[in-house]
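Load the model in your viewer and keep the selection tool at hand. The stops below follow in order, each with something to select and a note on what is there.

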Amino acid sequence: MRIILLGPPGAGKGTHAGTISQLKNVPHVASGDLFRKHQQDQTELGVLAASFMSKGELVPDEVTISMVEQRLGEPDCGQGIILDGFPRTTEQAKALDIMLKEKDLRINHVIQLEVNEEEIVERLSGRFSCTDCGMGYHEKFSAPANKGICDKCKSTNFTRRSDDSPKTLRNRLSAYKEQTALILPYYSTKGCLKSIDGMAEMDIVFDEIKKMIDGD
Ligand code: ADP
Ligand code: ADP
Ligand code: ZN
């Protein structure tokens with residue numbers, strides 16, 4: 001099973017990619033998480049990516065594509081993948097097709113989560129995650145069952161993303177509209193694009209996704 005979750009920042013890509021990954025036992029590959037790991041490890045790529053991410057701009061295609069290609073070449077990606085945040089440009093979408101075609105593989109579903117800007121701002125201003133296991137939360141919509149304790153790993157350390165600030169978010173939304181939304185016609189022409197109302201409650205969105213991928 002190979003799935004792409006598409007949508008603006010805050011659409012719920014990471015939330016649902018994580019859950020599908022557990023349900024179907026296939027890796028969740030998030031380009032943003034890969035960049036943040038490089039930043040943490042202070043690699044050359046991490047330093048380069050940070051200069052774009054801190055402004056809410058897209059990291060150049062060439063480095064993004066080669067980073068994802070390397071991840072997809074790892075053994076755990078052999079049976080399937082849930083892609084979150086990649087591809088974000090037509091160039092990346094084409095490169096992904098080539099990478100898969102070389103292995104005689106293809107994307108089964110491209111699922112677009114549709115959310116309006118007001119909701120995005122509310123979601124991202126309340127977003128935080130567990131520092132130790134990466135589990136995502138929201139202050140209002142999905143807080144940990146026990147305040148201050150991660151449901152998944154019991155850690156008490158939480159982090160907020162610096163690029164969720166209002167100013168950076170404006171640029172991220174522009175990047176989505178001007179670059180990422182252009183790949184929707186690319187996938188609709190291929191006949192694998194499906195859209196879901198991402199404004200619905202999390203469980204409902206998840207059920208919709210499950211229905212789409214059932215049997216895979
Ligand atoms: P993305 O990966 O698309 O940027 P996330 O999955 O991180 O989005 O979701 C952004 C924030 O919104 C998180 O705090 C998450 O808990 C919350 N969230 C996700 N889906 C929903 C939903 N359907 N309703 C309300 N909040 C949601
Ligand atoms: P969100 O979950 O809010 O959509 P991500 O974690 O996916 O955000 O991405 C955070 C930042 O990382 C982006 O604003 C961008 O700078 C960079 N980034 C992530 N994925 C890509 C990509 N496929 N191409 C270019 N830049 C990317
Ligand atoms: Zn945790």
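**Stop 1: ligand 1**

Select ligand 1 and the residues around it: there are 18, and the closest are Gly-10, Gly-14, Thr-15, Arg-127 and Tyr-137. A residue is counted here if one of its heavy atoms lies within 4 Å of the molecule. This is a predicted model, in which local features need pLDDT of at least 70 and side-chain atom pairs count only at pLDDT 80 or more, while totals for chains, interfaces and linings use all residues. Residues are numbered from 1 along each chain as its sequence is written, chains are lettered from A and ligands numbered from 1 in the order in which they are written, and side-chain values use heavy atoms, with hydrogens and water left out.

Next, show the polar contacts of ligand 1 (a polar contact is a pair of N or O atoms within 3.5 Å; within protein, one must be able to donate a hydrogen and the other to accept it, and residues adjacent in sequence count only if both atoms are side-chain atoms). The side chain of Arg-127 places a polar atom 2.7 Å from an oxygen atom of ligand 1. From the backbone, an N or O atom of Tyr-137 is 2.7 Å from an oxygen atom of ligand 1, and a polar atom of Ala-11 is 3.1 Å from an oxygen atom of ligand 1. On its own, ligand 1 has 560 Å² of accessible area, and the protein covers 92% of it. Such areas come from the Shrake-Rupley method with a 1.4 Å probe; for residues, only the protein chains shown count as cover.

Colour by secondary structure, where helices (H or I, at least four residues) and strands (E, at least two) are DSSP runs numbered from the N terminus. Both α1 (13-24) and β6 (136-138) supply at least two residues of the shell around ligand 1, and α1 gives the most, with 3 residues.

**Stop 2: ligand 2**

Move to ligand 2, which 19 residues surround; Lys-13, Ser-31, Arg-36, Glu-57 and Arg-172 are the closest. The side chain of Arg-36 has an N or O atom 2.8 Å from an oxygen atom of ligand 2. A backbone N or O atom of Glu-57 is 2.6 Å from an oxygen atom of the ligand, and one of Gly-85 is 2.9 Å from a nitrogen atom of ligand 2. The protein buries 96% of the 560 Å² that ligand 2 exposes when taken alone. Helix α2 contributes the largest share of this shell, 4 residues.

**Stop 3: α2 against α4**

Select residues 31-40 (α2) and 61-72 (α4): their axes come within 11 Å and cross at roughly 95°. The axes are lines fitted to C-alpha atoms, for helices over the stretch in contact, and angles run from 0 to 180 degrees between N-to-C directions. The two helices α2 and α4 are therefore roughly perpendicular, a term for angles of 65 to 115 degrees. Contact, meaning heavy atoms within 4.5 Å, is made by Ser-31, Leu-34, Phe-35 and His-38 of α2 with Thr-64, Met-67, Val-68 and Arg-71 of α4.

**Stop 4: two loops**

Go to Pro-87, in the loop between β3 (81-84) and α5 (90-102). A cis peptide bond joins Phe-86 to Pro-87, with omega about 0°.

Finish at Gln-42, in the loop between α2 and α3 (44-53).

How values were computed
Parallel < 35°, antiparallel > 145°, perpendicular 65-115°, else oblique.
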